[in-house]
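Student: Please take a close look at one helix of this model and at what surrounds it. I would like one connected account.

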Amino acid sequence: MAETTQTDFQPNIVAFLCNWCSYAGADLAGTSRTQYPPNVRVIRVMCSGRVNPMFVVNALQEGADGVLVSGCHPGDCHYMQGNYYARRRFKLMRNFLEYLGIEPERVRMSWVSASEGAKWKEVIEEVVEGVKAVGPMNKFKRRQLNW
Amino acid sequence: MAAKKLSKDKVGEVLRELSKFRLITPVKSDDVVIYREIGDPEEAFLDYGNSTVPPKKVVFPQTETLFRFTLGNPELREKNVEEEGTTVIFGLRPCDARAMSIVDKLFSWDFEDPYYLKRRELTTLVGMACVQPPSINCFCTSLGGSPFGKEGLDVLLVDMGDHYLFQSLTDKGSRLEEVLGSYLEEATSGDEEKAASMEEDAKAKIVRSIDPQGIPEKLPNLWEHPLWKRVSDACLGCGICTFLCPTCHCFDVQDEVEKGEGRRARMWDSCMFCEYTLHASGHNPRPTRKERTRNRISHKYSYYPKRFDVIACVGCGRCINLCPVNIDILEILEQVVEA
Amino acid sequence: MVDRNKLRETAKEIISRDDVRELIGYRAGTYGFRARPAFVYDPGEVDQLIFTPACVNNLATYITLEEKLPVPKGQEPDLRKVAVMVKGCDSRALIQQMAENAYDRDRILVIGIPCTGVVDMDKVQARFPDVLGPGEISLEGDKFVFTFDGKVEEVPKEELLADKCKRCRYPTPLVYDILLDEEVAPFATDDYSDVEALEGRSQDEKWAYWEEKFSRCIRCYSCRNVCPMCYCNDCILDRLRPQWIRRSVDVSENTVFHISRAYHLAGRCIQCGECQRVCPVEIPLMELNRKLYKDVEELYDFEPGVKVDAPPLLSSYRPDDPEDFIL
């Protein structure tokens, strides 16, 4: 079987970023010409609390090798509490997926504020490195069925 | 055709020989017996009662692609069942084989279903007689079946202790007998008589029964009878009784599309689900489990015999054994008789 | 053990009341040692009621399972109470349903049964495969006593007791209007050893374990339907737009189905074990639910189904919730 070696494996990572902090943080990284791995596909949502845990599962099913959810630091949420709700949800989902055999490296969460362009770079580097280490996600990926 | 004998120590070789076809046998998945395609003869689990999921799924898969398409391209690529190749189901129970011959009538009725019929044509059924009825809730003898029934089968095997009595019953069976010629021996004399008496013993061990006489005619007159509410009070509306029924054959058709590529597939559906008859308007002509239960029983015991002259139930007992709330089709039928 | 005459007399009194519409209890099953739900509408029907260790069903499900037809013009809706018999575990389902405002407390009349444990019916069936019955099970000391066809057999309780009862912390109902017997002191504890054993395996081993189980799933949805906490009018499994989970049956869709089923019960599952009991292909669903149950307890010190006024786990938070996993 031809396996992609870990060095040339370029993971697909779906990142759900909140409009007010993390999206702005990622934007800052971009405008500051900060270099970070190009493996991330960003989806902007209004709040990390808007991210339904099914988004994570669905992304993994549809071919993402990893998922990142990022929001404002605790206390900074534009909607006061959205990130607190998200934190509970993702802790449980992450643990649960790990229990089924889905590596926790694939399901990540971070707090990145609008001023943390440099932190965004670090987060992405760590996420990409983690997913590269565990390889492509093929456990419950939707297979292109041969009839 | 003269009966043959298949020594038990040759079963492994026989299965190896048959694995040049798509070979499906009962296997154990943890403690559950299911039918699965096997590569290694060791996987076959022939010392079993009956499977949880009936072998209907081999000829009528739970999910089956009908055709594939690409958005923007009017050309459809139809499924070619032929590519699946010759299939042998080894070791199924006579009731499940009989169920297939009952369902055949539907799929070859007003519209000839090419997928199902092609697969049936490609499939050879090697049955295993029930020397011991697999469960307390077996009642095949009430509905014209038998633990040694031959209907629908191409070959019937009877466990004679150290060997199987091998009887081929159809042309497909004879072809299989030719393939396996070198592993078969002349049947021991007296085996057939012995099998006949074993059949009587097995029948006598079946303790549950119903006399279906008159039920198909009576059911339509009980439409508004209070019994339906009472028998369905405990129903949860799950799909166990229908999905695990060897004669239930309802399906839904759905399109699945991904990045411009898609398929139209059909998948089992159950009349016990509330969405089964739900209209787009929100109206549901079978709004509660009462109507759904009534439909399930009426379909098996009235509509089907009216159209095809055979009751769509073979008495395998799965719906009784596995119902979470002990809804018992025999009890319902008794109430129908008494009503 | 609940006295049968007392049970029936109480039931008779209750169903005779003007403000009670129906009573949900147990009656003997149709074969073997099974018992099944009984629906009583009339005082004349109470003589079928029983309570034995065969009464495994969680009847709380029926409160939320009811399919209400539109009330015809000019008629009043039937607002009379539903009386329901509950064991300790089942009573927690009622509490959790009420904590979620599924219905008002005065809609139901709860008949509590202090429970000393029920049998695992699959094990009973395997032990007595040829008994047509109907046979009866009773508990005497540490033995289940099986009476059938004029015979009596005793089996040690430990051998046939349902797994959920071996770790039951609430044998006496936590909510009731009438308690049919003396309270039962808790006789078991839960150490989550089953969950921990699985947690300790490698990722690939865990996935191999679950892949085999999920590949068997036939998506009959009996686990959902039997669950007293699965009562959404608009279930994610039935949705077509968006269709989160396709109806097609393969390992991928089945896995996502099981993830979403278990996850929707996070902080809500009260461990009655019904899903695993009813699964025809024996998927160990409680191992999924129990992982979440354990995490919820350890991380958030939360136990569902014990307090009616507890805020739901996932729509509440504490500022100091664990966040060691956050980058």
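Tutor: Just after H10(B), Asp309(B) takes a positive phi of about 60 degrees. Helices (H or I, at least four residues) and strands (E, at least two) are DSSP runs, numbered from the N terminus. The model is predicted, so local features need pLDDT of at least 70 and side-chain atom pairs count only at pLDDT 80 or more, while totals for chains, interfaces and linings use all residues. Residues are numbered from 1 along each chain as its sequence is written, with chains lettered from A and ligands numbered from 1 in the order in which they are written.

Helix H10 of chain B covers residues 289-308, 20 residues in total. From first C-alpha to last it reaches 27 Å, close to the 28 Å expected at 1.5 Å a residue, the expected span being 1.5 Å times one less than the number of residues. At His299(B) the helix bends by about 50 degrees, the angle between axes fitted to the seven residues ending there and the seven starting there.

Buried residues of H10(B) include Arg289(B), Arg292(B), Arg294(B), Arg296(B), Ile297(B), Lys300(B) and Tyr304(B). Buried means that 20 or more other C-beta atoms, placed from the backbone, lie within 10 Å of the residue's own; exposed means 12 or fewer, and partly exposed is in between. The buried residues pack against helices H7 (215-218), H8 (227-232), H9 (240-243) and H12 (329-338) of chain B.

Elsewhere, 36 residues of chain B are in contact with 33 residues of chain C, contact meaning C-beta atoms, placed from the backbone, within 7 Å. H9 is among the elements of chain B that give two or more residues to that side. The model scores ipTM 0.93 and pTM 0.94.

Terms used
Contact = placed C-beta atoms within 7 Å.
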